[in-house]
Amino acid sequence: MLRFSRTPQERPAGPLVGYKLAYPMLSADGTVAAFSGVTLGRAHVYRWVDDAICAHGSRHECPSRWCDCGFYCFHEVADARELACAPEHQGAVQLEIVASGRFRRYELGLRYSRQRVRSVRLRACRCGRAGTVLADTGSGSAGWRRLDPVCPACAGHRPVLTPDDFGRLAGDVRVLCDEAAGPVVSTALGPVPPAEVPQDAGAVAVLTAEVALLQAQMERMQQRLDELEGR
Ligand SMILES: [Zn+2]
Ligand SMILES: [Zn+2]
């Protein structure tokens with residue numbers, strides 16, 4: 001068995017607080033609220049306290065240096081907010097989490113094995129009003145419905161959960177609501193068409209770059225393994 005020297009174990013002085021995006025989920029029987037990832041691990045639903053499992057179906061512990069699996073978070077809330085500007089993340093909510101267990105540190109954030117969700121923040125609805133309910137999107141994954149933070153008007157006749165109910169079903173997690181969209185919507189101008197909402201993809205680009213670096217590192221390691229094994 002080949003062994004590489006381990007990176008020295010870091011002992012954090014305090015709780016490792018981070019920020020990320022997630023889709024709010026509700027079990028098909030309506031008894032449990034949970035979350036699913038917006039990028040890697042999109043198919044996996046996790047509870048308010050949960051351990052990462054390999055998104056690629058391997059049985060190794062997360063985060064493995066050979067794999068890109070594990071929970072991810074940003075150090076700064078601004079980066080999570082920036083990621084939320086990407087149009088594909090419209091239905092996501094922002095989580096404040098505490099990371100623990102095994103972790104790897106990157107410039108912008110952490111990849112780690114265990115997560116506790118401290119609070120959930122609902123963004124403003126697409127129409128600009130505050131998102132104050134969680135409506136059934138009609139989509140989801142096996143056993144889970146995906147919810148969408150919207151205002152009561154946009155929820156229409158869809159079944160909804162109040163933020164308090166969602167928090168209770170998630171395990172007594174605090175759920176906060178963003179105010180109605182501020183600077184981009186002015187009553188004098190009327191609602192800004194979606195194309196004019198700033199879609200700064202900076203954080204997305206940086207996160208993508210980090211994943212690309214990680215993959216390049218994995219390829220180098222794999223090459224080294226192949227060489228050592230004389231393949
Ligand atoms: Zn893995
Ligand atoms: Zn609305």
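Two rings of Phe, Tyr or Trp count as a pair here if their centres lie within 6.5 Å. With that in mind, let's look at the aromatic side of this predicted model.

Four aromatic pairs turn up in the structure. Take Phe71 and Tyr112: their rings sit 5.7 Å apart, centre to centre, with 35° between the planes. Why is this pair called tilted? Planes under 30 degrees apart would be stacked and those over 60 edge-to-face, so the 35° of Phe71 and Tyr112 falls into the remaining class. Phe71 belongs to strand β5 (residues 71-74) and Tyr112 to strand β7 (residues 109-122), so their pairing ties together parts of the chain that are 41 residues apart in sequence. Both Phe71 and Tyr112 are buried.

Ring pairs join Phe71 and Tyr112 with Phe35, Tyr46 and Phe166 in a cluster.

Another ring, that of Tyr23, has a charge for a neighbour: the charged end of Arg146 sits over it, 4.6 Å from the ring centre.

Here are the two ring contacts side by side:

| Partners | Kind | Distance |
|---|---|---|
| Phe71 and Tyr112 | tilted aromatic pair | 5.7 Å, centre to centre |

Now for the chain as a whole. What does its secondary structure come to? The protein chain has four helices and 11 strands. Of its 231 residues, 39% count as buried. Among contacts between residues at least 6 apart in sequence, 66% join residues at least 24 apart. As for the surface, the chain exposes about 13,100 Å², with 53% of that supplied by carbon and sulfur atoms.

How values were computed: Residues are numbered from 1 along each chain as its sequence is written. Chains are lettered from A and ligands numbered from 1 in the order in which they are written. This is a predicted model: local features need pLDDT of at least 70, side-chain atom pairs count only at pLDDT 80 or more; totals for chains, interfaces and linings use all residues. Side-chain values use heavy atoms; hydrogens and water are left out. Rings of Phe, Tyr and Trp (its six-membered ring) pair if their centres lie within 6.5 Å; planes under 30 degrees apart count as stacked, over 60 as edge-to-face and the rest as tilted. Helices (H or I, at least four residues) and strands (E, at least two) are DSSP runs, numbered from the N terminus. Buried means under 20% relative accessible area, exposed over 50%, partly exposed in between (1.4 Å probe, protein chains only). A charge sits over a ring if NZ of Lys or CZ of Arg is within 6 Å of the ring centre and within 35 degrees of the ring normal. Contact means heavy atoms within 4.5 Å. Accessible areas come from the Shrake-Rupley method with a 1.4 Å probe; for residues, only the protein chains shown count as cover.
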